[in-house]
Amino acid sequence: MQGYSLGTDVEVGLRLARDQRGFDFFPLLTGQTKEFERLDRLDAFGLRKNVLVFPVDVNPPKNEMSRFLAKMALEALFERFLITEPQNAREIILGDHYDRIRDWVRYGKCESEWPYYFRQYFPEETLMKCPYTGVWKRFGFGYDLLITELPETYFVFLFSGYEFVINLGGPGIKGYENWLKNNDGKSWLVEKKGYFVRKVAYLGGSRHYFSKMVEI
């Protein structure tokens with residue numbers, strides 16, 4: 001299996017040990033051998049936990065993932081109301097308008113299902129610069145609310161390059177698909193926020209970087 005050391009760009013391999021009683025971990029890139037060994041020593045001395053991550057295909061159970069997205073969507077909406085309508089935030093979020101999605105989150109109640117939109121927008125290994133340290137690390141997650149012209153309110157969640165979108169008003173994503181067509185398939189959390197993903201050559205292969213657009 002191929003993976004990486006969490007919080008770094010060190011690519012790591014995993015294979016069954018020769019005695020078949022355990023596993024061997026090793027750097028995938030020759031140029032990262034010293035850094036791999038340094039991280040291993042830090043972990044051995046208890047100075048830094050070296051967490052190794054081995055991604056698998058993102059294909060969660062649809063109903064469970066839908067309810068999880070809906071729960072996050074309600075929380076994100078409440079967070080927004082706390083900023084724009086602090087005195088009425090609780091009353092608004094508990095209003096009748098959100099009963100359907102609230103029942104879906106809590107009890108799984110729906111006419112049939114509550115679909116969500118899903119796509120891989122950029123590679124899992126894409127790096128972004130940490131705003132606090134300036135160090136390039138793997139892209140984690142981001143989210144925001146999108147209000148279309150209809151108007152409909154969508155919760156957009158981006159996790160390791162995978163985009164999930166759910167409608168807070170009802171079980172339908174046609175409005176979001178139309179929004180994508182009208183915006184050339186661009187992501188609300190990438191290009192529409194002033195970012196882009198660039199691909200560069202690296203050690204005989206390539207890397208992807210999540211970067212801020214610069215106006216010239």
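Biologist: What share of the contacts in the protein chain with a separation of 6 or more comes from residues 24 or more positions apart?

Modeller: In this predicted model, such residues account for 51% of those contacts. The secondary structure of the chain consists of 5 helices and 12 strands.

Biologist: How many residues are there, and what percentage of them count as buried?

Modeller: The chain has 216 residues, and 37% of them count as buried. Its accessible surface comes to about 13,800 Å², with 52% of that belonging to carbon and sulfur atoms. Along the principal axes, the C-alpha atoms fill a box of roughly 60 × 50 × 35 Å.

Biologist: How many positive and negative side chains are there, and how far apart are the centres of the two sets?

Modeller: There are 30 positive and 29 negative side chains, and the two centres lie 5 Å apart.

Biologist: Turning to helices, which residues of α1 are buried, and where do they sit around the axis?

Modeller: The general idea comes from the helix repeat. An α-helix has 3.6 residues a turn, so residues three or four places apart point the same way. In α1, Phe-36, Leu-39 and Leu-42 are the buried residues. They cover an arc of only 125° around the axis, which puts them on the same side of α1. Lys-34 and Ala-44 are exposed on the other side of that helix.

Biologist: What do the buried residues of α1 pack against, and what span does the helix have?

Modeller: The buried residues of α1 pack against strands β1 (2–5), β2 (11–16) and β3 (23–27). Helix α1 covers residues 33–44, and its 12 residues reach 16 Å from first C-alpha to last, close to the 16 Å expected at 1.5 Å a residue. Just after α1, Gly-46 takes a positive phi of about 75°.

Biologist: Is Val-10 buried or exposed, and what does it touch?

Modeller: Val-10 is placed in the loop between β1 and β2. It counts as buried because its relative accessibility is 1%, against a cut-off of under 20%. Beyond residues up to four places away in sequence, Val-10 touches Gly-3, Tyr-4, Ser-5, Gln-32, Glu-35, Phe-36 and Leu-39. Of these, Phe-36 and Leu-39 are among the buried residues of α1. Val-10 and Leu-82, by contrast, are 72 residues apart in sequence and 40 Å apart in space, C-alpha to C-alpha.

Biologist: Which residues of α4 are buried, and what do they pack against?

Modeller: Ile-101, Arg-102, Trp-104 and Val-105 are buried in α4. Seen down the axis, they fall within an arc of 160°, so they line one face of the helix. The buried residues of α4 pack against α2 (62–84), α3 (89–93) and β10 (162–167). Just after α4, Gly-108 takes a positive phi of about 75°.

Biologist: What is the relative accessible area of Arg-102, and which residues does it touch?

Modeller: Arg-102 lies in α4, residues 99–107. Its relative accessible area is 16%, so Arg-102 is buried under the 20% cut-off. Leaving out residues up to four places away in sequence, Arg-102 touches Leu-74, Ile-93, Leu-94 and Gly-95.

Biologist: Where is Gly-140 found, and which residues is it in contact with?

Modeller: Gly-140 is found in the loop between β7 (136–138) and β8 (141–147). With a relative accessible area of 30%, Gly-140 is partly exposed. Apart from neighbours within four places in sequence, Gly-140 is in contact with Leu-158, Phe-159 and Ser-160. Gly-140 and Ser-160 are 20 residues apart in sequence, yet 5.3 Å apart in space, C-alpha to C-alpha.

Note on methods: Residues are numbered from 1 along each chain as its sequence is written. This is a predicted model: local features need pLDDT of at least 70, side-chain atom pairs count only at pLDDT 80 or more; totals for chains, interfaces and linings use all residues. Side-chain values use heavy atoms; hydrogens and water are left out. Helices (H or I, at least four residues) and strands (E, at least two) are DSSP runs, numbered from the N terminus. Buried means under 20% relative accessible area, exposed over 50%, partly exposed in between (1.4 Å probe, protein chains only). Contact means heavy atoms within 4.5 Å. Accessible areas come from the Shrake-Rupley method with a 1.4 Å probe; for residues, only the protein chains shown count as cover. Lys and Arg count as positive and Asp and Glu as negative; His and the chain ends are not counted. The place of a charge is taken as NZ of Lys, CZ of Arg, CG of Asp or CD of Glu. The expected span of a helix is 1.5 Å times one less than its number of residues. The arc is that of the directions from the helix axis to the C-beta atoms.
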